[in-house]
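Welcome! Take a moment to look over the sequence and the model, and then let us walk through them together.

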Amino acid sequence: MKVNFTLNDVPRTEAVSVNENLQEMLQRIGMISVRDSDNHRGFVGSDTILFDGVPVNAGLMIAAQINGHSITTAEALSTIERPLSPVQSAMIDAGVVQSGYNAPAAALLITELLARKADPSKAEIKEALSSLYNRATGYEQFFTAVELAKKRIIDEKATMKVSDEFRDDLKYVGKAHRKVDGAKLVRGDRAFVEDMVLPGSYILKMLHSPHASAYIMNIDTTEAEALPGVRLVLTYKNVPDNYYTPAGQGFPEPSPWDRRMFSQKVNHVGDRVAAVVADTEAIALTALERIKVEYEVLKPVFTIEEAEAEGSPIVHNSVVSYVVGAPDDLEEKNKNADPRDGRIEIQFPIGADPHANKAASVSGSIGDVEKGFAEADTVIERTYETAQFQCTPCETHIVYTKMDGDRLVIHASTQVPFFVRRIVSKIIGIDENKIRVIKERVGGGYGSKQEVLLEDVCAYATWITKKPVLFHFTREEEYTNSVSRFPMKITVKIGAKKDGTFTAMYMDLKANNGPYGNHCLTVPMNGCSKSLPLYLSDNIAFDVNVFYSNIMPTGAYQGYGAPKANFALHMAIAELSEKLGIDMLEVVEKNRVDEGDTLEILRCLGEGREGTPATIKSCGLAASVSEGAKMIEWGKKEESSDIDIKIGKGMALIQQGSGLPGLDISNADVKMLNDGSVIIHSGGADLGTGLDTISVKMTAEILNMDPERITILSGDTDQTPFDTGAFASSGTFFSGGAVNNAAEELKKKILKTASEMIGEPVEDLNLQFPEKVNGLKGSVTFREIAQATHGGESEGQLIGSASFTCDDASFPYGAHFAQVAVDRRTGEVKVQKYYALQDCGTPINPELAEGQIYGAVMKSIGHTLYEEVKLSPEGKNLTTDLESYGAPLIGDIPEDFKVKLVETTDPYGPFGSKSVSEIAMNGAAPAIANAIHDALGIWIRELPITPEKILRALGKIK
Amino acid sequence: MIRSYKQPQTIEEAVALKKEQPDADYFAGGTCINHADCTQTYTHVISLDKLGLDSIEIVDGVVRIGSMTTFQNLVDSPLIMPVVKDAARAIYSRNVRNMATIGGNLASCWTHSAMIPALTALKSVIELSTKEDLPIEEFLDSQSEALITAVKIPLSNRACSVKRVRRSSGSKTLLSFAVSLELSEDGMCIDPIVIATGFAEVPVRLSEIETLLTKRKEHSVFEFDLAFRAMKELSTDEHSSKAYKTYISARTVVACAEQCKEVLA
């Protein structure tokens, strides 16, 4: 049928099929800002359009509905040719445009709001944004964005303070500055993998296992292959017999290689059974229905207890081999392996025993914990449990692969482009020089895109067919096949003297690893390494045991293992404080670390290798604790006018790392162009967090030039040098560090060339803003230098190249404080106040740093109170959409929510910076749980803290 | 899969199209029909968007709401009573409220609707294109395929309260209740109506609970606990236990009743 409508003020007629979804139709005709995040469920809001001026979800409409109506998309707000609208520029400047997948939708919603209400209240802003799910930065900075947009509607040059500023001695670093990719993202320009797909590309769809554990006894793909339009069907029978780990970690990985592209055994509901590559999605889906599979269904294991019980089913009854360090009894254990379980290849000892369902284990200690507990006046031992949580990026996992001559090109939404290249190369069996990975803009990763979950099979499909192929997870697949937080059971034992001084600390951490061992050693171990070192004790020990099971896959998630262990540790400290009769803050202050302390426990906590003790060179804990306590009025009891509502306060310290010292490496080139402007080639992977902006600002600072004259190209394995990727809080420290070093190299070359040009020694030269080298007698501009070095008589283009490695650890620190109101009648918890005080050294992008903290805290509030993956008794995920799962929206933000950056200067990080984002995940659970105890006197030791659990703890239900 | 989409200009034309093609379905905002979770198959649809059924007016002691009135229009209208606005806000997303219509909700979204319990508790009447007015419960029981042209809510001395139980602002509703009642001169509850969702696939009327409310001034939560505990419809599922559902149902219903009494007082 034909529909007549007005699109962005222009009358238009379009032929549509009656059933065509409107979001898909708008994308088809070029309105790519109208994105789909939830398969047309109307939760995320990325598909927002204005329908006759009113915001609606295009994904909940069919194209036929627009006949006779007016449609406005974000494309109408501005174009590449036209300047940003006041709302768009305000959003970028306020820091809310980070991963940016639904930034165009947010811009439309705010534009409509301000057209309807010139001066909206906070409640009206919340209502206008009730249609938007924003995992990256949460929601708090939208209030600033609206405030700034209001001003800019009146005066387009209006400004306002959007964040604190740091480092008076610097021009750009430490100041808010427009994110370099902000305009592109907020306008909805081509930026994401889905925007790169060429017409006529094949579509890959996956057949998933209906069973949690089963052997594929027979698989018949004949009928599927016979379907016109089907180009390839892949099963375990016709793929390379190579094993790998999807974990994007440095080689050799501390994760076992226990995955094959397809296996004869399926290990969770949703596991890969077969893939169909076809001309269209509809054909691919029809073909999937025609694949006949016979299974031998096995008894699954779902819990830690089931997995570790003697005689329990073995998740991977595989032939295990080691590259180095095989245990003596390996041959004996392999005797009973079932060939249908395939192989597991382990790079070096990680304490694994797959035949006993153990994926990894590690123990360590300093001092003598038994002696320490014996010396204590009080000992407390408690067990805490955490559930399985999903990263839920707005952009679900996606990859697009194509051939360029005899080379494979992978357009990826990834945190680890260079590891994608390495892993795909290994799986498919082609050299790395034949593969190019281009990291497009990433619509949210949060750890889940540190995994190679789609690239292997999609790349292989292209390699076989020589045609472009798209593989894009549905939201349901995101829940069943992406990675999630490891459920854990953590026992903490602390001994203390009467005055609260710790005499010994012990953590026994058991993790439910799920079906595959990606990150199986490092996530749980990180729980210990990012919590125990917050406190000083001569006697510390830990045991980590990680078990395979048939739950949904687990893996990396922002915070890694720290949020769970930090919850357990701070709950135990709170319980100990109560037992001692001392205020928790006093106990925390008595035992916490400070600048100059050496963390001996880190000797036992290397990432799959021997660790080294580290001395804290910068620490903002003292200021974070004192300011936070003042802000929340720690110690002051708050009362509600409703006698059934009880108010309480809680807190927790937090720490993380800044990349992996001794393991991570970043490289960068900074090049001067013919007119004196500069281009950076950075291997770093900007996930939307502002890493590219950091690189540009540092370079501008070092070269004394306007950031507008600096461009960055990053995360392209052909065009940029190697970088281990964006994980473990490495972005600013490592990738930024490499750019910093490369810019310094370029500066040296600029000065050397200028010295030759004006005939003065380098020592007498200095850089003057903008782009000028001054000597005592003469001067020369960058343009003149560039032109002189681009000619045939020169030594060549000025290029600064450098790497960044570091053996020293830089720890970001912080303290989070929460005030909650709990209704004793219903068990409902309202977070009234949340204050996050964090030390990230010098905040390079303060407004973006704050946004990441707001976003991380909202995620962890979600994990604490609302979110949870629920499985059926058969292992089927029952929460495969954001609504069922309980993802928080703007209606769930704390009533008073503040982020405060506490400045320190780190000696190792570029411009004194440390990491900022991951650490912010670690505070909400313990702070809120302790606040609930303060309110009601009950300890809830299991996440999430639901009203039902509170009512049970209160004895109101049994 | 939708194969034909008709866009009539008048009610008569819409009805005629339905008569011509009895297996066709009327199509309102589309939020249910187009939703990924929709399990019903729609082949031929008749759009109602050009019929002008989106007015709200007060006529002869009733609030007459055109069936194509969106939930957001209900929230924004000064003619709409607060409890209906509350029910509309049960859809947290303003975008979806801008699309979902009161008629469409009545016709297709039974399971999750907070609006149907509220309208039922308010003794609403459904106006059909046949010029027939059906009490809402009769309409729901009838599975009528007639075109809904309006919903009529009587203005009365009846107070109504709606409450829902869910974890976060946008998460699925676990349970929801609408309670309406009148008060006698001596403060007794008269003619209570209690409708709940989360007990079955469709909203259900809880007559046992209504009995507990009837002709009393005060209500003991304990009695409601016992009554809900006896209900087989409440069972443990992956999200919560029967014990929790029983406990929270009793308190929510009593809280609704107390709110009604406060309004009437």
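This is a predicted model: local features need pLDDT of at least 70, side-chain atom pairs count only at pLDDT 80 or more; totals for chains, interfaces and linings use all residues.

Leaving aside residues up to four places away in sequence, Ile494(A) touches Phe373(A), Thr378(A), Val379(A), Ile380(A), Phe502(A), Ala504(A), Met505(A), Leu569(A), Ala572(A), Ile573(A) and Leu576(A).

Ile494(A) also belongs to the largest nonpolar core, which has 174 residues. Together with Met91(A), Met507(A), Phe542(A) and Ile932(A), Ile494(A) is among those with the most contacts inside this core. Helix α16 (residues 562-580) of chain A gives the core its largest share, ten residues. Apart from it lies another core of 58 residues, including Leu234(A), Ala274(A), Leu408(A) and Val424(A). In soluble globular proteins, nonpolar side chains tend to be buried together.

Now let us turn to where the two chains meet. The contact draws 58 residues from chain A and 42 residues from chain B. Leu60(A), Glu127(A) and Glu883(A) supply 15% of the area that chain A buries against chain B, more than any other three residues. Here is the interface at a glance:

| Feature between chain A and chain B | Value |
|---|---|
| Area buried | about 3800 Å² |
| Share of that area from carbon and sulfur atoms | 51% |
| Salt bridges | six salt bridges |
| Polar contacts (both residues at pLDDT 80 or more) | 27 residue pairs |

By class, the side of chain A that touches chain B has 22 nonpolar, 19 polar and 17 charged residues.

Conventions
Residues are numbered from 1 along each chain as its sequence is written. Chains are lettered from A and ligands numbered from 1 in the order in which they are written. Side-chain values use heavy atoms; hydrogens and water are left out. Contact means heavy atoms within 4.5 Å. Buried area is the accessible area (1.4 Å probe) that two parts lose on being put together, summed over both. A salt bridge is a side-chain nitrogen of Lys or Arg within 4 Å of a carboxyl oxygen of Asp or Glu. A polar contact is a pair of N or O atoms within 3.5 Å; within protein, one must be able to donate a hydrogen and the other to accept it, and residues adjacent in sequence count only if both atoms are side-chain atoms. Ala, Val, Leu, Ile, Met, Phe, Trp, Tyr, Cys and Pro count as nonpolar, Asp, Glu, Lys and Arg as charged, and the others, Gly among them, as polar. A nonpolar core is a set of buried Ala, Val, Leu, Ile, Met, Phe, Trp, Tyr and Cys residues joined through side-chain atoms within 4.5 Å. Buried means under 20% relative accessible area, exposed over 50%, partly exposed in between (1.4 Å probe, protein chains only). Helices (H or I, at least four residues) and strands (E, at least two) are DSSP runs, numbered from the N terminus.
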